[in-house]
Amino acid sequence: MEKVIVEQLEDKKLISQLMFSLIVPRPIAWITTLSKEGIVNVAPFSFYNGITTKPPLVMVSIGKRKDGSLKDTSRNIRERGEFVINLVTEEFLEPMVKSSADYPPHESEVEALSLELEPSTVLETPRIKGVKASLECKLYKIIEIGETPMDLVIGKVVAFNFEPQLLQSSKGVVGRLGGKRYTIVDNEIEISL
Ligand SMILES: Cc1cc2nc3c(=O)[nH]c(=O)nc-3n(C[C@H](O)[C@H](O)[C@H](O)COP(=O)(O)O)c2cc1C
């Protein structure tokens with residue numbers, strides 16, 4: 001068993017590696033946002049989770065680009081006050097990964113990756129067509145945190161769109177592991193007290 005005391009660590013890069021490899025599997029928020037000009041942006045985020053159910057709050061941690069500028073997702077959420085979290089299942093694994101490439105703000109990942117969109121139930125921001133669930137969120141709060149600092153975006157879910165089958169099984173849902181590894185749910189165990 002290796003032990004790392006963060007204060008004594010010289011190679012700070014190891015911290016990211018440990019965070020990414022030891023906090024697993026992580027859910028993936030595949031986020032659609034709208035720019036001021038109406039361009040749809042798509043990008044994945046795995047530092048993501050639910051926070052409370054009353055009200056239904058979720059959090060997504062969005063870092064800065066290497067040059068210190070805001071990622072398109074952060075900028076759009078700040079400008080429009082809303083975003084949609086699309087659930088990633090096996091059939092969307094490849095486009096989800098490709099949507100993490102650095103596209104310039106005026107270029108939409110939607111056209112580049114031949115994704116189709118459909119209108120959301122409550123929000124102006126569209127969701128990705130064919131996904132098994134999407135959570136429509138209004139911006140609740142942004143907390144700037146950390147040394148960079150990055151954006152801890154808290155959203156309040158205002159509408160859930162979902163395939164009812166998901167309430168019985170998560171088969172096919174994709175999670176993020178360390179490095180460039182992913183997992184696909186194919187083995188569920190039900191245990192009660
Ligand atoms: C599976 C996956 C998970 C990711 N998770 C995060 C994350 O939690 N926070 C983050 O800042 N970037 C994360 N990224 C990187 C962003 O997707 C990437 O920076 C993207 O270009 C941001 O796009 P945008 O500028 O259109 O918002 C992740 C990438 C992948 C492939």
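Modeller: Helix 1 (13-22), strand 2, strand 4, helix 2 and helix 3 (93-98) each put at least two residues into the lining of the largest pocket; helices here are DSSP runs of H or I with at least four residues, strands are E runs of at least two, numbered from the N terminus. Helix 1 gives the most, with six residues. This is a predicted model, where local features need pLDDT of at least 70 and side-chain atom pairs pLDDT 80 or more, while totals for chains, interfaces and linings use all residues. Residues are numbered from 1 along each chain as its sequence is written, and side-chain values use heavy atoms, without hydrogens and water.

A pocket is an open set of points on a 1 Å grid over the protein atoms alone, where a 1.4 Å probe fits, with protein on both sides within 12 Å along at least five of seven lines; lining residues have an atom within 4 Å of a point. This one is lined by 44 residues, with Phe20, Phe47, Ser61, Gly63 and Lys71 nearest its centre.

The ligand sits in this pocket, meaning more than half of its atoms lie within 2 Å of the grid points. Strand 2 (40-45), strand 4 (57-62) and helix 2 (72-80) each give two or more residues to the shell around the ligand, and strand 2 gives the most, with four. A backbone N or O atom of Phe47 lies 2.9 Å from a ligand oxygen atom. Ser61 has a polar backbone atom 2.9 Å from a nitrogen atom of the ligand, and Asp72 has one 2.9 Å from an oxygen atom of the ligand.

Terms used:
A polar contact is a pair of N or O atoms within 3.5 Å; within protein, one must be able to donate a hydrogen and the other to accept it, and residues adjacent in sequence count only if both atoms are side-chain atoms.
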